[in-house]
Amino acid sequence: TFDNNKVNYEKHEGRGGAIRMTLADYQPEGGSASPTTFLIDSTSFSNCETGSHGGAISVNGTLGNVTIRNNSSFSNNKAAGARGGAVAIACSRIGNVSVSDTTFSGNYAGSLGGALHVGMDGASAPITVGTATVSRCSFSDNKAHGVGGALVFTDGQYQSISVTDTSFNNCDTTGYGGAIGLKQFAETGSGDMLPFSVVGDV
């Protein structure tokens, strides 16, 4: 459990009120690079705050898989001036992002993704993501002063994005996408349209 953790953003830009993780390629001697994995399992985050990305968690860097699962929860976290009220995943390249069986309530972002943001981190070209999946989650009372009251996917070349059996209640934004925001996508590698799906009890 992480409760009431804060970055003093009057003195520092600061990312990740509770956790900041920088991902990088892992390349054993004589081998090929492979993504590292960042895993949150059955963990709660509440009342965490930063002035930059990721009220509770900020993941940045180059290449990695991000998984959040198994009754994890994020409540009343705040990214006061930036993205991802609870979680900001902002890498130049990402493997796969999976968020399942997790609740997000009362989180706030000063720009994009009241609860969750997946996007780029200062790269000159859009990020490349494998798959981004949100399943069996609950989003309630999350707010963003920009795009995506609950969650936002931005600035990427994604193989696919899916939201499955997930509820959205009383989420709000001053821009567009009261629940889900999709912003500034590149074409897929094949030049096809982005495969985006919303399935089940959403």
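In the predicted model, Phe-74 and Phe-104 are both buried. The rings of these two residues form a stacked aromatic pair, with a centre-to-centre distance of 5.1 Å and an angle of 5° between the planes. Phe-74 belongs to strand S8 (residues 72-75) and Phe-104 to strand S12 (residues 102-105), so the pair ties together parts that lie 30 residues apart in sequence.

A second pair involves Phe-139 and Phe-168. The ring centres of Phe-139 and Phe-168 are 5.1 Å apart and the planes meet at 5°; because planes under 30 degrees apart count as stacked, the pair is assigned to that class. Distant parts of the chain are linked here as well: Phe-139 is located in strand S16 (residues 138-140) and Phe-168 in strand S20 (residues 167-169), at a separation of 29 residues. Phe-139 is buried, as is Phe-168.

The structure contains 5 aromatic pairs. One aromatic cluster is formed by Phe-2, Phe-45, Phe-74, Phe-104, Phe-139 and Phe-168; the members of both stacked pairs described above, Phe-74 with Phe-104 and Phe-139 with Phe-168, are thus included in the cluster.

With regard to the overall fold, the secondary structure consists of 23 strands and 0 helices. Among contacts between residues at least 6 apart in sequence, 84% join residues at least 24 apart. Of the 202 residues of the protein, 48% are classed as buried. The accessible surface amounts to about 8700 Å², and carbon and sulfur atoms contribute 45% of this area.

Conventions: Residues are numbered from 1 along each chain as its sequence is written. This is a predicted model: local features need pLDDT of at least 70, side-chain atom pairs count only at pLDDT 80 or more; totals for chains, interfaces and linings use all residues. Side-chain values use heavy atoms; hydrogens and water are left out. Helices (H or I, at least four residues) and strands (E, at least two) are DSSP runs, numbered from the N terminus. Buried means under 20% relative accessible area, exposed over 50%, partly exposed in between (1.4 Å probe, protein chains only). Contact means heavy atoms within 4.5 Å. Accessible areas come from the Shrake-Rupley method with a 1.4 Å probe; for residues, only the protein chains shown count as cover. Rings of Phe, Tyr and Trp (its six-membered ring) pair if their centres lie within 6.5 Å; planes under 30 degrees apart count as stacked, over 60 as edge-to-face and the rest as tilted.
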